[in-house]
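This briefing describes a protein structure for a reader who is new to the subject. Please keep the sequence and the 3D view at hand while reading the points below.

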Amino acid sequence: MSKIMEGLLYSESHEWVKVEGNIAVIGVSDFAQKEMGDITYVDMPEVDDEVAAGEEFGALESVKAASDLIAPVSGVVVEVNSDLEDAPEAINEDAFAAWIIKVEMSDKAELDALMDAAAYKAHIGE
Amino acid sequence: MSEDLKLTCLYPCHMQLQAKMSPFAGFMMPIQYSSITQEHLAVRNKVGMFDVSHMGEIFIEGPGAEAFVNHIFTNEVRGMAPGQILYGMMCYPDGGVVDDLLVYREFSPEHYLLVVNAANIDKDFAWMKENAAGFNCTLRNDSELWGQIAVQGPEAEKVVADVLGYPQARELGFYTFCDAEYKGKRLILSRTGYTGEDGFELYCTPENTVEIWQKLLAAGVEPCGLGCRDTLRFEAGLPLYGDELSPEISPVMAGLSMFCKLDKDFIGKDALVAQKEGAIERKLVGIEIEDRAIPRAGYPVVNMEGEEVGVVTTGYHSISLDKSICFALVRKEYSALDTPLQICIRKKVFPGRVIKKRFYKTNYKK
């Protein structure tokens, strides 16, 4: 069983969003890190880059494969978790603590398209 | 799941260990049990075991066996001692590769065992039969009758000698084998592998393969999947058919000319001679990039002006070396050591340079 955090929003592509006012803190779910296996590299955008909901903003790399990161909301990147550059395994250790980027949202209504914890639990079949 | 997928004799063992399974070469195979990194390090530092029962075993026998094998095989079979093993390829007349394989010179006179890639068994056997006309020998595809376990790592010799009770393992040199028995049935004990470490490959009946697997497991040998088999062989600079060798990628392009004896006749020789004299456009190289980003198969390789000059065939962030490295097929003029090249990874371009393909210092038995 994967861990699911109450109070977060989830995308179908397994990103989580924590809403802090106008800022969306974005990471990947525990389910996603388990599927990936040992994460060896996180490809992240830079501060001030624009991201668009439904579009790729970076990638997670495991030993075996690369998996795109899909932005759950649109906006401008205001912070990236640079700790992940040297310690990508932090995502394996605690996927909900290891946030990847913070985005200043341009359209908060996009949050409505995301799932809550219960809906996400059903989505991954657990 | 495709119903055409075959299962190896060890499939129930993989289920029991809850391995992550995936189709490979027409078989349902274990990719990993614990984690690729853990399994990789077990082989580098201690000992691991792989189910390689999917590999093909083709036996060639008869007065014309030597001449036939020498006709289809790039390496020199004449003069092989009983118990000796050679690596090489079968080529098409244009130098493209049918398969890469091991040739075992058996202890019975006029007997050879050819061990081929699982994905190519049917194709290889058909190719052999097609080219056997006029040679006085018989060809037998016994792939389904044999299981195979690879025991690899610095403690492999100890495990095979002490846990399995084959002290003769200690005397075997690299690329030699001996015949032994397990429960009255033949067991081929071969000092070979595909990891860059010392190790053995044990061929025996499917039933005995399962028993040996369980014994090794009980002795604490780490079960290892195809995931780390690929990271290990890659670091050791070993090619994988389909990635670094193919009908389009000849042994000369792949830098494997040392396994092609151009002073004898074999199918594809003339093309390989011409390639050796300069008639190739691309060569396989190693490339290291200065970042943790990972070059993957299919990513473009570009020169410093941004012009595409090649493609990645296999790449990883190397577990043992902690560097992002890859094999790439590049235009010949970019193949010299230290040539600066760049790799396109998603939207970014990462600078790197050509390095030796044998990334990891191998630890074979002398």
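**Overall form of chain B**

A compact globule of 366 residues would have a radius of gyration near 21 Å, and chain B agrees with this, having 21 Å. The model is a predicted one. Chain B contains eight helices and 19 strands, while chain A contains four helices and nine strands.

- Taken along the principal axes, the C-alpha atoms of chain B fill a box of roughly 65 × 50 × 45 Å.
- Of the 366 residues in chain B, 49% count as buried.
- Among the contacts in chain B with a separation of 6 or more, 65% are between residues 24 or more positions apart.

**The open sheet of chain B**

- Five strands of chain B form an open sheet in the order E5-E6-E7-E4-E8, with antiparallel pairing.
- In chain B, E5 and strand E8 (138–141) stand at the edges with a single partner strand each, so one side of each is left without a neighbour in the sheet.
- From one strand to the next, the twist averages 25°.
- Helix H4 (residues 121–130) of chain B packs on this sheet and touches E4, E5, E6, E7 and E8 of chain B. The direction of H4 makes about 15° with that of E4(B).
- In general, the strands of a sheet pair through backbone hydrogen bonds, either parallel or antiparallel.

**Strand E6 of chain B and its partners**

- Strand E6 (residues 97–105) of chain B is mostly covered, since eight of its nine residues are buried.
- Seven bridges pair E6(B) with strand E5 (residues 85–91) of chain B in the antiparallel sense. Ile85(B) has Tyr104(B) in E6(B) as its bridge partner.
- The hairpin formed by E5(B) and E6(B) has five residues between the strands, and Gly95(B) in the turn has a positive phi of about 95°.
- E6(B) is also joined to strand E7 (residues 111–116) of chain B by four bridges, and these strands run antiparallel. Here Val103(B) stands opposite Leu114(B) in E7(B).
- The hairpin of E6(B) and E7(B) has five residues between the strands, and Glu110(B) takes a positive phi near 65°.
- Strand E7(B) is in turn joined by six bridges to strand E4 (residues 56–61) of chain B, again running antiparallel. The bridge partner of Phe59(B) in E7(B) is Leu113(B).

**The closed barrel of chain B**

- Six strands of chain B make a closed barrel that runs E14-E17-E16-E15-E18-E19, with antiparallel pairing.
- Strand E18 (residues 340–345) and strand E19 (residues 348–355) of chain B run antiparallel and are joined by six bridges. Pro340(B) stands opposite Arg353(B) in E19(B).

**The enclosed helix H7 of chain B**

- Helix H7 (residues 226–235) of chain B is largely enclosed by the rest of the structure, because nine of its 10 residues are buried.
- The buried residues of H7(B) include Leu226(B), Cys228(B), Leu232(B) and Phe234(B), and also Arg229(B), Asp230(B) and Glu235(B).
- Among the elements that cover the buried residues of H7(B) are strand E1 (20–24), helix H2 (36–45) and strand E16 (308–317) of chain B. Strand E16 also belongs to the closed barrel.
- After H7(B) comes Gly237(B), whose phi is positive, near 80°.

**Chain A**

- Along the sequence, chain A follows the pattern β-β-β-α-β-β-β-β-β-α-α-β-α.
- The radius of gyration of chain A is 13 Å, close to the 14 Å given by the globule rule for 126 residues, so chain A is as compact as a globular protein of that length.
- The C-alpha atoms of chain A fill a box of roughly 35 × 35 × 20 Å along the principal axes.
- Buried residues make up 44% of the 126 residues in chain A.
- Of the contacts in chain A between residues at least 6 apart in sequence, 63% join residues at least 24 apart.

**Where the two chains meet**

- Chain A has 10 residues in contact with 13 residues of chain B.
- Strand E4 (39–43) and strand E6 (56–62) of chain A each supply at least two residues of the side that touches chain B. E4(A) gives the most to this side, with three residues.
- By class, this side of chain A has four nonpolar, two polar and four charged residues.

Definitions and conventions
Residues numbered from 1 in each chain as written. Chains lettered and ligands numbered in written order. Predicted model: local features only at pLDDT ≥ 70, side-chain atom pairs only at ≥ 80, totals over all residues. Contact = placed C-beta atoms within 7 Å. Nonpolar A, V, L, I, M, F, W, Y, C, P; charged D, E, K, R; others polar. Pairing = 2+ DSSP bridges. Rg over C-alpha atoms; globule rule 2.2 N^0.38 Å. Buried ≥ 20, exposed ≤ 12 C-beta atoms within 10 Å, placed from the backbone. Axes fitted to C-alpha atoms, helices over the stretch in contact; angles between N-to-C directions.
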